[in-house]
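This briefing covers a few local features of one protein chain. Have the sequence and the 3D view open while reading, and find each residue as it is named.

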Amino acid sequence: MDFSDRTDAGRQLAACLGHLQGQDVVVLGLPRGGVPVAVEVAEVLGAPLDICLVRKLGVPHQPELAMGALGEGGVRVLNERVLRETGVGERDLAAVEEREHVELEQRTQRYRGSRPPVPLDGRTVVVVDDGLATGATALAACRVVRAKGAARIVLAVPVAPRGWTARLGGEADETVSVREPDFFYAIGQFYRDFSQTSDEEVLDCLARGRAAHGPVVRGTDVRIPATGATLSGRLAVPDGATGIALFAHGSGSSRHSPRNRAVAEALNRAGLGTLLFDLLTESEATDRAHVFDTPLLAGRLASATDWLAGSPEGGELPLGYFGASTGAAAALWAAADPASDVAAVVSRGGRPDLAGERLARVRAPTLLVVGGRDALVLDLNKRAQAMLRCENRLTVVPGATHLFEEPGALEEVAELATDWFGEWFRRQRQ
């Protein structure tokens, strides 16, 4: 026996996935048996845990043998070899599909209820099961995940037959297994305890994953009206949020920026809402003049602030700005407006100097965070800080360069931002 149970299998599998730590990762378990494995992987990677709902189409009278699979979003995969060798006809296949469609709907309601799925768009998604035999279920899961916008798919299982990756037809970008034995007839042969996972166990694992990764976050794609444009964004508000930070992206970046998304998720885990949105439309972003047009970007940020303040999600919460690179100048420019009621501003590797004389009119408490090895930007921030008249602080992250790509650097930025927003949001609510 290679694994005592699924928990042991998950821990061994997690040890093979250490190269993913620190990346923008989501772990998806395949119910039921894959979820107890996945929760161990998610804990080691420090990643959110969710499920990928897929139903195996078992051969009549031999249900453990998959002749295909169904997945969320209408994904359907058939194993033509199994269908041919077992002689399953269209009528029998249709009957199995109808039954599994019903079960898929029921499990969606049972496991998710009203909670939205964890967003996958642009992220690395680790799809986890307790093992792989025919590959039909895993293939369907990869297609479901790809359809939801995953940038990279890692299919990870404790055990699979030798040569198993060929069965996936390139649907996964990376495959990981602990064991690939030559002699393989069933997944259960490699487990001491391979008893069926109950619905209660699945729900317990999902609750454990949520507890480890913070509160339930309600994520919504939004369209924000602004002068001369409609801006695309993603609003994420945890249950019981104490404030919302609007992200102003830097030059050449967008709401999909992996660095800002990583910071946003840290804020979400701490109970703070976030609005990541594009300050420019796709066509506008191709013109470099727009990228450095601080008044234009600040005006767009102000429009988004007004929109959020008038929304049901943001109407009663303190609002703050998180600016990166040139986006920091836009955040401070907007915060300098006499009508601005923004509670706090955080700049990550920013160019506050581009806000010019308006710096002296900023009233919101401002935190400037700069990498210790980003000499030019550090000097510009020191000069900008001298012009600020509001509560302010300049914090240097030792050893970090402009993009904070060094191990632990971005995590330190996120912690600093969480503490700053948390403190000033609390004071505004008092």
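Predicted model: local features only at pLDDT ≥ 70, side-chain atom pairs only at ≥ 80, totals over all residues.

How many bridges join strand 3 to strand 4, and do the two run parallel or antiparallel? Six bridges join them, and the strands run antiparallel.

**Strand 3 and strand 4**

- Strand 3 covers residues 54-59, and five of its six residues are buried.
- Its antiparallel partner, strand 4, covers residues 62-71.
- To see the pairing, look for L57, which stands opposite G68 of strand 4.
- The two strands form a hairpin with two residues between them.
- H61 lies in the loop between strand 3 and strand 4.
- The phi angle of H61 is near 70°, a positive value in a residue other than glycine.
- Is H61 buried or exposed? H61 has a relative accessible area of 85%, and values over 50% count as exposed, so H61 is exposed.

**Helix 7 and helix 13**

- Two packed helices are described by the angle between their axes and the distance between the axes.
- Helix 7 spans residues 258-269 and helix 13 spans residues 409-429.
- Their axes come within 9 Å and cross at roughly 45°.
- An angle under 35 degrees would count as roughly parallel, and one of 65 to 115 as roughly perpendicular; helix 7 and helix 13 are therefore oblique to each other.
- The crossing of helix 7 with helix 13 is right-handed.
- On the helix 7 side, the contact is made by R259, A262, V263, A266 and L267.
- On the helix 13 side, the contact is made by L410, V413, A414, A417, T418 and F421.
- By type, the residues of this contact divide into nine nonpolar, one polar and one charged.

**Backbone details in other loops**

- The peptide bond from P31 to R32 is cis, and its omega is near 0°.
- R32 belongs to the loop between strand 1 (25-29) and helix 2 (34-45).
- F404 has a positive phi, near 55°, and is a residue other than glycine.
- Where is F404 found? F404 sits in the loop between strand 16 (392-397) and helix 13.
- The relative accessibility of F404 is 2%; buried means under 20%, so F404 counts as buried.
- H61 and F404 both have a positive phi, but H61 is exposed, whereas F404 is buried.

Conventions. Residues numbered from 1 in each chain as written. Heavy atoms only, no water. Axes fitted to C-alpha atoms, helices over the stretch in contact; angles between N-to-C directions. Helix = DSSP H or I, 4+ residues; strand = E, 2+ residues; numbered from the N terminus. Parallel < 35°, antiparallel > 145°, perpendicular 65-115°, else oblique. Left-handed = near helix turned anticlockwise from the far one by under 90°. Contact = heavy atoms within 4.5 Å. Nonpolar A, V, L, I, M, F, W, Y, C, P; charged D, E, K, R; others polar. Buried < 20%, exposed > 50% of the residue type's maximum accessible area, 1.4 Å probe, protein only. Pairing = 2+ DSSP bridges.
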